[in-house]
Amino acid sequence: MAALAVSMAACNTSSNSGGDTADSTETVALADTPKGEWIDLFDGKSLAGWHGYNKTEPVQNWEAQDGTLACTGKGNKEDFGGDLVSDREFDNFELEWEWKIAKAGNSGVMYHVVEGAKYKAPYETGPEYQMIDDIGFPDKIEDWQKSGANYAMNPADDSQKELKPVGEWNTSKIIYNNGHVEHWLNGKKVVEFEEGTDEWNREKSEGKWKDFPDYKITNKGKIALQDHGDSAWFRNIRIKEL
């Protein structure tokens, strides 16, 4: 990983939505990047810096496609088995990425993920920024399952939410800073909460995570991209440590 070079210009595509990404051309070693400087987590052409969850190599259902990091949808419909995780761990961070998803698709981005034989999937330890086809998903979904939500914990604020139609690119952001968490979707803040409050502890102990005692067990871990058996595409994935 120390030898992996990252360039903000490298992962841009001709369809980049803008921002300051294209303006940065400095190449730095990933392991040596100072806090506060952006790190590209995807070089636009390979799966360098990523591996399959609880595996040593990337899984076959992920590939670089035309400047995107693509989940091919060739995996099964189980909740585990094909997820991709970063080689590097992060604690406080700001993470940005662009994404689109197949019709009726489901995916997500998780953080502070822990690997180990006792776990089958990243969601057992890592909170998830939900990405799903809110309109076309074939089953009934709750508000806490919809795009932008902190999955099974904090629904996205519908008054601020502007989700692009399936097939169009969305821009998302997670900010984690000493237990203060924000989810952004297409330039609007849709979720904000503090870990460890009475409300947060109640949601964790009474909801979906009551059977997963290690959910959010640590404040430092891997970034994970979920394979839920559906095609999904990611690009311009970058992070800076706070």
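Buried means under 20% relative accessible area, exposed means over 50%, and partly exposed is in between (1.4 Å probe, protein chains only). This is a predicted model: local features need pLDDT of at least 70, side-chain atom pairs count only at pLDDT 80 or more, and totals for chains, interfaces and linings use all residues. Residues are numbered from 1 along each chain as its sequence is written, and side-chain values use heavy atoms, without hydrogens or water.

Stop 1: Select residues 180-185, strand E12, and residues 188-194, strand E13. Strands are DSSP runs of E, at least two residues, and helices are runs of H or I, at least four, numbered from the N terminus. The two strands run antiparallel, joined by 6 bridges; pairing takes at least two bridges found by DSSP. Now pick Asn186 in the turn: its phi is positive, about 50 degrees.

**Stop 2: Glu192.** Glu192 is the bridge partner of Glu182. Glu192 also forms a salt bridge with Lys189, at 3.0 Å between the closest N and O atoms. A salt bridge here is a side-chain nitrogen of Lys or Arg within 4 Å of a carboxyl oxygen of Asp or Glu. Lys189 is partly exposed, at 31% relative accessible area. Glu192 is partly exposed too, at 44%.

**Stop 3: Arg88 and Glu241.** Their side chains meet in a salt bridge, 2.7 Å from N to O. Arg88 sits in strand E7 and Glu241 in strand E15, so the pair ties together parts 153 residues apart in sequence. Both residues are buried.

**Stop 4: Lys118 and Asp214.** This salt bridge spans 3.0 Å between the closest N and O atoms. Its residues are 96 apart, each in a loop. Lys118 is exposed at 60%; Asp214 is buried at 13%.
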